[in-house]
Amino acid sequence: MVSGSKPFSRTKSSRVWRSGQKTRLMGLTSSVILPLLFGSLGIFGLFRLLQRMRMKAYLKDAVVVITGATSGLGKECAKAFHAAGSKLVLCGRNRERLQDLLQELSTSADHPKNPHKHHTVIFDLSDIKAVVSAAEEISKCVDHVDVLINNAGISYRGTIVDTVVEVDRKVMETNYFGPVALTKALLPSMIKRRKGHIVAISSVQGKFGIPFRSAYAASKHATQAFFDCLRAEVEQYNVDVTVVSPGYIQTNLSLNAITADGSQYGVMDKTTSRGKAAAEVARVVLNAVGEKRKEVLVAGFVPSLVVYLRTLCPRLFFTVMASRARKERKAKDS
Ligand SMILES: NC(=O)c1ccc[n+]([C@@H]2O[C@H](COP(=O)([O-])OP(=O)(O)OC[C@H]3O[C@@H](n4cnc5c(N)ncnc54)[C@H](OP(=O)(O)O)[C@@H]3O)[C@@H](O)[C@H]2O)c1
């Protein structure tokens with residue numbers, strides 16, 4: 001009897017102790033944790049609202065220059081910034097396609113909210129003289145530039161051993177020297193006004209190189225480095241720099257890519273066709289500009305992981321890439 005009553009009373013007292021603890025915890029939850037949680041959510045919501053309002057004000061009536069506006073991401077950026085109320089200078093090589101885009105914007109549902117007359121400027125980014133004259137033409141169309149989006153670009157497919165150096169040069173001129181020349185031409189007026197924003201559309205391939213894309217990956221690595229240096233140099237003049245690094249996007253990039261001998265690749269790669277929608281990436285670009293982000297990675301889990309793998313575990317990265325190269329070579333030869 002006696003030996004059996006002890007555990008019974010211990011169980012009872014521990015039950016009482018536990019119920020006291022439960023009551024104290026409930027009291028703590030209702031008096032401290034919940035108000036703190038709702039308060040933080042409220043502050044966060046208010047912060048996001050203010051951020052959105054500031055972003056809207058920043059983009060409305062901003063003068064935005066977009067290169068490569070005839071297709072893919074550039075075209076979707078044009079639609080996104082038009083919807084945000086910006087005044088656009090649309091650049092490309094194809095006059096007709098730019099006119100079609102102007103027509104499309106003028107009949108879009110967002111058009112009544114955007115009172116601006118947009119401009120088009122035709123030039124080839126791989127021709128530096130043409131880029132310099134285009135910058136002069138842009139300065140005549142609009143009295144200042146708030147945002148320059150260096151979007152135009154070409155891709156490449158080929159083995160390094162078979163590729164003529166003119167192809168490397170062409171990719172570099174379009175993806176690197178062209179945007180650099182346009183940026184340098186428009187930068188002095190931004191510095192003078194102590195206001196401006198320069199965006200570079202790079203790629204995850206600006207952060208790691210994958211086999212059979214050497215010229216493209218090299219041009220995007222150069223882009224990343226140039227605009228990182230620029231960001232540091234111009235921050236003191238209140239000029240912002242954003243580098244956007246997307247993974248695959250559903251555009252004509254692979255169709256328009258050039259090969260080892262400079263001919264058009266002309267294939268819609270599965271990876272490209274399964275990529276993110278260009279309109280979705282354009283929204284990311286718009287928000288990145290509105291929020292003055294310094295860098296944005298727009299990629300799925302695997303490419304994002306590879307970015308870290310390249311830095312933190314380079315030996316594993318090299319092994320994976322060598323195996324990928326062997327597999328791709330084998331698939332091509334069979
Ligand atoms: N698609 C992807 O998977 C992907 C992934 C990461 C990054 N990106 C980057 O996104 C940007 C936009 O490419 P996209 O995917 O939208 O490809 P896209 O549909 O092929 O569009 C490329 C644009 O660049 C223009 N362009 C090409 N060469 C030019 C030159 N020499 N001078 C002037 N304009 C030129 C094209 O104009 P024309 O009409 O005159 O040819 C076109 O408007 C590129 O910088 C690309 O590297 C794309």
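Predicted model: local features only at pLDDT ≥ 70, side-chain atom pairs only at ≥ 80, totals over all residues.
Trainee: Are H5 and H6 roughly parallel or roughly antiparallel to each other?
Mentor: Helices here are DSSP runs (H or I, at least four residues; strands are E, at least two), numbered from the N terminus. Axes are lines fitted to C-alpha atoms, for helices over the stretch in contact, and angles run from 0 to 180 degrees between N-to-C directions. The axes of H5 and H6 come within 8 Å and cross at roughly 15 degrees. Angles under 35 degrees count as roughly parallel, over 145 as roughly antiparallel, 65 to 115 as roughly perpendicular and the rest as oblique, so H5 and H6 are roughly parallel.

Trainee: How many nonpolar residues are in the contact of H5 with H6?
Mentor: Two residues are in contact if their C-beta atoms, placed from the backbone, lie within 7 Å. Among those that meet are Val167, Met172 and Ile191 in H5 and Ala215, Tyr216 and Phe226 in H6. Ala, Val, Leu, Ile, Met, Phe, Trp, Tyr, Cys and Pro count as nonpolar, Asp, Glu, Lys and Arg as charged, and the others, Gly among them, as polar. By that division the contact has three polar and two charged residues, and the nonpolar ones number twelve.

Trainee: Is Ser155 buried or exposed?
Mentor: Ser155 lies in the loop between strand S4 (147-150) and H5. A residue is buried if 20 or more other C-beta atoms lie within 10 Å of its own, exposed if 12 or fewer, and partly exposed in between, with C-beta atoms placed from the backbone. Ser155 has 26 such neighbours, so it counts as buried.

Trainee: How far apart in space are Ser155 and Tyr216?
Mentor: Not counting residues up to four places away in sequence, Ser155 touches Tyr216, Leu253, Ser254 and Ala257. Ser155 and Tyr216 are 61 residues apart in sequence, yet C-alpha to C-alpha the spacing is 5.5 Å.

Trainee: Why does Arg194 count as exposed?
Mentor: Arg194 is found in the loop between helix H5 (165-193) and strand S5 (196-201). Arg194 is not a glycine, although its phi is positive, about 55 degrees. Arg194 counts as exposed because its C-beta neighbours inside 10 Å number 10.

Trainee: What is the phi of Phe212?
Mentor: Look in the loop between S5 and helix H6 (214-234). Phe212 is partly exposed, with 18 other C-beta atoms within 10 Å. Phe212 is a residue other than glycine, and its phi is positive, near 70 degrees.

Trainee: At what angle do the axes of H2 and H8 cross?
Mentor: Helix H2 covers residues 72-83 and helix H8 residues 278-290. Their axes come within 8 Å, and the crossing angle is roughly 55 degrees.

Trainee: Which helix gives the most to the shell around the ligand?
Mentor: The ligand is surrounded by 29 residues, the closest being Gly68, Gly72, Arg93, Gly153 and Thr251. A residue is near a molecule if its C-beta atom, placed from the backbone, lies within 6 Å of it. The shell divides into nine nonpolar, 17 polar and three charged residues. With three residues, the element that gives the most is H2.

Notes: Residues numbered from 1 in each chain as written.
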